[in-house]
Amino acid sequence: MDVDLILMIIIAVLFACGVALVLERSLTRVVLGFLMLGNGANLLILSAGRPGGPPIVGVSAAEDMSDPLAQAMVLTAIVITLGVSAFLVAMAYRSWQYAGNDEVRDDIEDRRIMTRAARDLTTEGSDAEASDTDDQIARAALADPAAAGLHIDDGGAVR
Amino acid sequence: MTYLVPLPVVVPLLGAALTLGLARHPGWRRTVSTVALTLNVVVAGMLLALTTAGGPLVVNIGGWPPPLGIVLVADQLSALLLVVSAAVTLCVLMYSIGEGRADGESGTPLTIYHPTYLVLTAGVANAFLAGDLFNLFVGFELLLAASYVLLTLGATRNRIRAGTTYVVVSLQASILFLVSIGLVYASTGTLNMAQLAGRLDALPDNIRLLLHLMLLLVFGIKAAMFPLSAWLPDSYPTAPAPVTAVFAGLLTKVGVYAIIRTETLLFPGGRLGNMLMVVALLTMIVGILGAIAQADIKRLLSFTLVSHIGFMVFGVALGTAAGLSGAIFYVAHHITVQTTLFLVTGLIERRGGSTSMDRLGALARFAPLLAILFFVPALSLAGIPPLSGFLGKLGLMQAGVAVGGTLPWALVAGSVLTSLLTLYAIMRVWNLAFWRPLPPVRPAHLVHSAQPVPSAQPVQSAQPVLSAQPVHSAHPVHSAQPVRRETRIPTSVLVGDAGAAGRPIGMPHLPALMVWPTAALVVIGVALTILAGPLFDVSSAAADELLQRVPYVEAVYPGGVE
C-alpha cells in the first residue's frame, strides 16, 4: 500500500514528543504527552485506511472511496481520548489542591522498604527498633509527604 | 437463542443508566444493581449451557454482516469466564451494599459507585464477548474508565497518588493497543478476529512477529506480567476493599483472556512461546518474592496476584490442550479466590482496625468465623490439596511435564517453589494477624509523632493508630465516601483500653450483609473443588475449541471466510 510520507513524519514527531512528555513527573505534562500520543495513534489508524473521495454511495464511485471503517474507528478513539483526558486533568487539579503541585510521587511503602534495606546494609541494629522507626517515617509520610520526604532522604538522621 | 449474547453487556449498562437516574433513592438503586447483576448470572449460566451444547453463539449487532459490523461471539471460554465473573461481581456488590448500609450512606460518591460498578461489569463482559479487535479495545476502555473512577473514589490524597500511576500506565497501554490496531488494520485490512485468523497466517513472518509482540505487550500490561507489573501492587491496595477485590479478581484476568485469544485464535504456533514461558517464570518468582517482603496484607495479596498470573501465562505458553485447559481452570479458580481474600481483608480491616500485620493479632480468638473465611481461600491460593488451587496447579504441572524440555521443567520447578513461597507468605499473615497473641500496645509517640495523645483515654489513644491521613478528617466533604476506609476507621479500634492487656474491641459485630457474600464466595471456591471434574471437562472442551479455531471462525462466517 502507499504511504503518505508527510503523515508518517507527523506521526513520528507526535509520538516522539508524546513519549518525552509522558516521562515527565508533572501530571500536566503527562496529560499533554498523552494527547499527543493519542493524536499520533489516531493519525496512524487513519493512514491505515485507503485515502479517496467521500465514502457515500452516489457521490463517488466505489473504487475511489476512502475507507470509512478507519474513520469510524478514529472517531470512537477520539471520543474515548477526550473523556479520559478530562479525567486526567481533573486528577492533576486535585493533586494540585492537595500538594500545591501536580508531581507524581513515589509509593510510600516502596520508599519505606528501600530505606529499611539501606539501613540493614549499613548497621545491624535491633530489628524491632528499626521497624518502629520505619513506621514513624511511613506515618509521617502519609500525614505530610513533603516533610517526610526530608526524613526519608536522610534516613540516617532519623535513626 | 443468540439474543442472549449481548445481554451481559446491555443489562449492566441499562442498570447503570437507571441507577444514575435514581441518585436520590438509595433503596431503588440497590435493587436495580442487584437485579441487573443477578440477571447477569442467569444469562451467563444459560450461555455456558448453550455454548457447551451447541458451539459458539454469534450476534451481528444491527444486522450488519461480520467484517463491517460489530460481532459479539460467545464460545465456551467466554461463557465460562462470564459465569465466574458474574457470580463474583454479584457477591462483591452485596458486600459493598452491606458496607454502605453499615456505615450509613449519604453524599455524592456513593451515587457514583453503583453506576460505575455496573459500567465496569459491562466492560468486562464486552471484552469477553468481543469478536473484533476494536470492540475488544472499546471493552477495555469501558472497564478502564470505570476503574479509574472506582480507584480514586472520594479523591483522597493517597488514592489520587496511587490512581495517577494506575491511570497513566493504563493510558499508555491503551495507546499501544490503538497503535497495534492501526498496524493490524494496515497489514490485513480487517479487525474481525475470525477473519484475522486466516489473514494473519498469510502475512510475512517478520510482520506477523511484530504484530504478535505488540499485542502481547499491550495485554501483558493489562494482565500484569512481570516486567510490566510494577503498577499493580502500588495502585490496588489504596482503593476501598470491594473495589480492590473486584479489580484483583477481574481486571488482570481480562488481560489473560486477551492473551489466550491472541495465542490461540490470532497467532497459533507463534514463535513467542519460549519468551512467554520465561516471562511466566519470572512473574511467578519475582511476584512472590515481593509478597514476602510486605508488612501489609493488601499489598501482600497484590503481589501474590501478580505472582499467580504467571501460572496462567505458563499454561497458555505451553500451547497444548492440557496447558490451555489448566490455564482456563486456573483463571476460574483465581478469580474466585483472590476476590475472596481481598474481601476478607476488608473484613479484617473492619474488625481489627488495620491491615498492617504489625498491628493485628489474635483474630482467630476474637473472630473465629473471620479466621475460617480467611483460612480456606488462603490454603486454596497456596495450593494445598484437595482445594481448587491444588487441582489447577496439578493440571498445569502435568501439562508442563507432558511437554517436556528444559523450559517447561524449569517452569514446573518454579511453580512448586512459588506455591511453597505463597504458603509461607500466607501463613505469615495467618500467624501474625490471626494466631499470635495481641501485640503490645504501641507508645503513642512512635505511632504518630505529630500528635502525642494521652494514652488514658481509649478513643483518643486509638486515634493516632488510625488517623494516618489527617487530611481527610480535615475535609468533611470526604467523610461521605461510600466505602469509607479512612473515616470509618476511628470507630473500629484495635486496642481498646490502652495500657491494659489490649483486646480488640473494634467492631464486635461485622455486618451480616458483608459476611454472607464473602462466605458465599468461600463456598463457591470450595464448590470449584467439588465440581472440579465437570469444570475440567468444560475447560478442556474450551481449550480444544480454541486450538481447533474452526468452530469459532465458522460460527462467525457460516459460509466460510470471504
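**Chat notes: a loop glycine, then the helices of chain B**

Modeller: This is a predicted model. One place to begin is Gly52(A), which touches Asp64(A), Met65(A) and Ser66(A), leaving out residues up to four places away in sequence.

Colleague: Where is Gly52(A) found in chain A?

Modeller: In the loop between α2 (27-48) and α3 (68-99).

Colleague: Why does Gly52(A) count as partly exposed?

Modeller: Gly52(A) has 14 other C-beta atoms within 10 Å.

Colleague: What separates the C-alpha atoms of Gly52(A) and Leu35(A)?

Modeller: 27 Å, with the two residues 17 apart along the chain.

Colleague: Switching to chain B. How many helices and strands are there?

Modeller: Chain B has 24 helices and two strands. It has 562 residues, and 62% of them count as buried. Take its contacts between residues at least 6 apart in sequence: 78% join residues at least 24 apart.

Colleague: What about helix α12 of chain B, how far apart are its end C-alpha atoms?

Modeller: 32 Å. Helix α12 covers residues 297-318, and its 22 residues at 1.5 Å a residue should span 32 Å, so the two agree.

Colleague: Is α12(B) enclosed or open to the outside?

Modeller: Largely enclosed by the rest of the structure, because 22 of its 22 residues are buried. After α12(B) comes Gly319(B), with a positive phi near 75°.

Colleague: Next, packing. At what angle do α3 and α10 of chain B pack?

Modeller: About 170°, for α3 (residues 76-103) against α10 (residues 241-266), with the axes 9 Å apart. The angle is over 145, so α3(B) is roughly antiparallel to α10(B). The crossing is left-handed.

Colleague: Which residues make the contact?

Modeller: From α3(B), they include Leu77(B), Leu81(B), Val88(B) and Tyr95(B). From α10(B), Pro242(B), Val246(B), Gly249(B) and Ile260(B) are among them.

Colleague: How do the contact residues divide into nonpolar, polar and charged?

Modeller: Eleven nonpolar, four polar and one charged.

Colleague: Last one, Val522(B). Buried or exposed?

Modeller: Buried, because Val522(B) has 24 C-beta neighbours inside 10 Å. Val522(B) lies in helix α22, residues 512-530.

Colleague: What is Val522(B) in contact with?

Modeller: Thr340(B), Leu373(B), Val376(B) and Pro377(B), setting aside neighbours within four places in sequence. As for Pro558(B), 36 residues from Val522(B) along the chain, the C-alpha atoms of the two are separated by 42 Å.

Definitions and conventions
Residues numbered from 1 in each chain as written. Chains lettered and ligands numbered in written order. Predicted model: local features only at pLDDT ≥ 70, side-chain atom pairs only at ≥ 80, totals over all residues. Helix = DSSP H or I, 4+ residues; strand = E, 2+ residues; numbered from the N terminus. Buried ≥ 20, exposed ≤ 12 C-beta atoms within 10 Å, placed from the backbone. Contact = placed C-beta atoms within 7 Å. Expected span 1.5 Å × (residues − 1). Axes fitted to C-alpha atoms, helices over the stretch in contact; angles between N-to-C directions. Parallel < 35°, antiparallel > 145°, perpendicular 65-115°, else oblique. Left-handed = near helix turned anticlockwise from the far one by under 90°. Nonpolar A, V, L, I, M, F, W, Y, C, P; charged D, E, K, R; others polar.
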